Amino acid sequence: MQAKLLLITPPFTQLNTAYPATAYLKGFLEEHDVSVSHCDLSIELFTTIFTSTFLNEIFDEAEALGNNHFPELHAHRDAYISQVDTVIAFLQQHDIATARQILEEGFLPQGHRLKNVNKYIEWAEGDEGIIDKAKHYSTLFVEEIGDYIQANVDEFFAFTKYAEQIGSSASSFDQLDEFLRYQPTLIEDEMLNILEEKIQAYAPTLVGFTIPFPGNLFAALRCAQFIKQFFPDIQVAFGGGYCNTELRSLEDPRIFEIVDFISLDDGEGPLLKMIEFQEGKVGLDDLERTYVLEDEKVVYKNKIPNTIYHHNSLPAPNYQGLPYDKYVSFLDVVNPMHRMWTDKRWNKLTISHGCYWRQCSFCDVSLDYIGNYQNSTADLLVDKIEKIIEDTGITGFHFVDEAAPPKMCKALSKALLERGVKITWWTNIRFEKTFNFELCELMAEAGCIAVTGGLEVASDRLLAKMNKGVDIAQVSRVTNNFSKNGIMVHAYLMYGFPTETQQETIDSLEVVRQLFEKNCIQSAFWHLFTTTVHSPIGKNPEEFSIEVTGPEFQGFAQNDLWHVDPEGTDHPMYTKGLNQALHNYLNRTGFDVELQDWFDFPVTPPSHPRNLIESYLN
């Protein structure tokens, strides 16, 4: 039997560009003579929901259910239905004529988001500003519909995730199993209609779902359930980031009522073995890094030695066959750095596999995707870049590394310039001193427009406890080097690290304020610290003065841990104030506001001088 593989990205992931997992696997497997098709079910479903035909069904369904949240949307039902096709087409194509039409008074109904639109945003001159303004207004229009769907028709609906609330921290399979027994929602029904069309078009013998995040799990389970019910001869495989991280201790056999294989870590080797197993070339015991059900028990098959395919030898991802005309650009946050996650098309590619530092105490450094560092060469990377441009016609690249090595950034920049390959690119880095002014200048010349990196807690004591290998002074100088060369900087921020005091949280906010004020960073995002089972903190909580209190593992997922921090402050109470301050800094305002004014309870004044960052830069 000749196996045929269909790879699927289930709803919902990033909607402006393709998630790269299926493209990586397709490129690899086709080199091994495997018949591979792939489908981005996420964008396929989204662009089906946001049509006049389906939106009419949404309103009917809300009426049938007796739900009337956001009544002003229901009152303007005809306007939303009549304009949605125009708005989505514009978010896909960004043409100036439609932009002007959308901005005409009365074209878009004034729902709960558009009524409160910030009318004081300074837009660029000319067509660029008109298109951006229309993107922003169109995004708010679409988000209004999304709010209506979630409130009235399907509580699981969200733009870049689905049913995340039951996929997160699912230590037991009970709740997932319960919801799988319910009738599919209107949204799920449409997803299954699209899935059926793809199965009939491609006639696969094996369907593989990449599940990158908890917000993709339930949709994948619903699809697997449908396949087992209506196409029982097709086998189903799960893999991807969620499985690699959360299902490493899997014991509960119930998921295998609808799934045949669950693979861990890089999918190339396990999928190739599954295909060979389907074709009768190997036995079940020859599978690698794969869970199966055997004698009613979950068994991990991992024939040693594993077939390891080094990052250096992998072919370019193959994005051919994905619907690039359907992806939509959202502009919910106008900040030029922040918008890059939702706006424009990006080819996703990795410079290196894993993290070359792999020492941060909060990070899952024990897992393969971080701990197994593999490098490539700049020439091979540029070869892949040229191949992807040829396939997609897109010259924008997002290098999705855990941390792009400075030496590779330098070598890549030189190779791009020497070979005359003109691309626009951004990547994730560590703020280490190797990124001096000259390297940042070279990267900018080679097309780099932005970098992201973990500042985490802007406290030297906590940075040392994290084993970040950087301090505030170094971060200040490195971010300044990038910014002086026109490369935008986004900082990942963390609060609630073990033993973090109120003083350290407020001092971190003051450092962030000064970094924004001095234009060292242009964008940032706060994360509340969570310890995970695969991190040094999760493995040795007592070394970090915390106590893990759960959740009790009940056979399914295991990742996020609950903990108490007797030495630290009550961290969640700072969420609102930190985000309010950051929202202002993102819009280049609020630098003169006292930090106390962002919080509705007394906080300690910052202990840092107001010229701390300036002193480091000088």
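1. Two strands pair if DSSP finds at least two bridges between them. Keep that in mind as we walk through this predicted model. Strand β1 (residues 4–9) and strand β2 meet that test, pairing in the parallel sense over six bridges. To find the spot on screen, look for Leu6, which stands opposite Ser37 in β2.

2. How does the chain get from β1 to β2? It passes through helix α1 (residues 21–31), and this β-α-β crossover is right-handed.

3. Next, please turn to helix α3. This helix covers residues 52–65, which makes 14 residues. From its first C-alpha to its last, α3 reaches 20 Å, close to the 20 Å expected at 1.5 Å a residue. Just after α3 comes Gly66, with a positive phi of about 75°.

4. Which residues of α3 are buried? They are Phe54, Leu55, Ile58, Phe59 and Ala62. Viewed down the axis of α3, these buried residues fall within an arc of 145°, so they line one face of the helix. There is a handy rule behind such patterns: an α-helix has 3.6 residues a turn, so residues three or four places apart point the same way.

5. What lies on either side of α3? The buried residues of α3 are covered by elements that include α2 (41–49), α4 (71–75), α5 (77–93), α7 (126–152) and α10 (186–202). On the face turned away from the buried side, α3 carries the exposed residues Thr53 and Ala64.

6. Now for the nonpolar cores. The largest one has 175 residues, and those with the most contacts inside it are Phe46, Phe50, Phe238 and Phe556.

7. A second, separate core has 18 residues, among them Leu29, Met274, Ile275 and Leu287.

8. Finally, compare the opening pair with another one. Are strands β8 (residues 290–294) and β9 (residues 297–301) paired in the parallel or the antiparallel sense? They are antiparallel, over five bridges, and Val292 stands opposite Val299 in β9. β8 and β9 form a hairpin with two residues between them. In the turn, Asp295 has a positive phi of about 55°.

Definitions and conventions:
Residues are numbered from 1 along each chain as its sequence is written. This is a predicted model: local features need pLDDT of at least 70, side-chain atom pairs count only at pLDDT 80 or more; totals for chains, interfaces and linings use all residues. Side-chain values use heavy atoms; hydrogens and water are left out. Helices (H or I, at least four residues) and strands (E, at least two) are DSSP runs, numbered from the N terminus. The expected span of a helix is 1.5 Å times one less than its number of residues. Buried means under 20% relative accessible area, exposed over 50%, partly exposed in between (1.4 Å probe, protein chains only). The arc is that of the directions from the helix axis to the C-beta atoms. Contact means heavy atoms within 4.5 Å. A nonpolar core is a set of buried Ala, Val, Leu, Ile, Met, Phe, Trp, Tyr and Cys residues joined through side-chain atoms within 4.5 Å. A crossover is right-handed if, with the strands pointing away from the viewer, the path from the first strand over the helix to the second runs clockwise.
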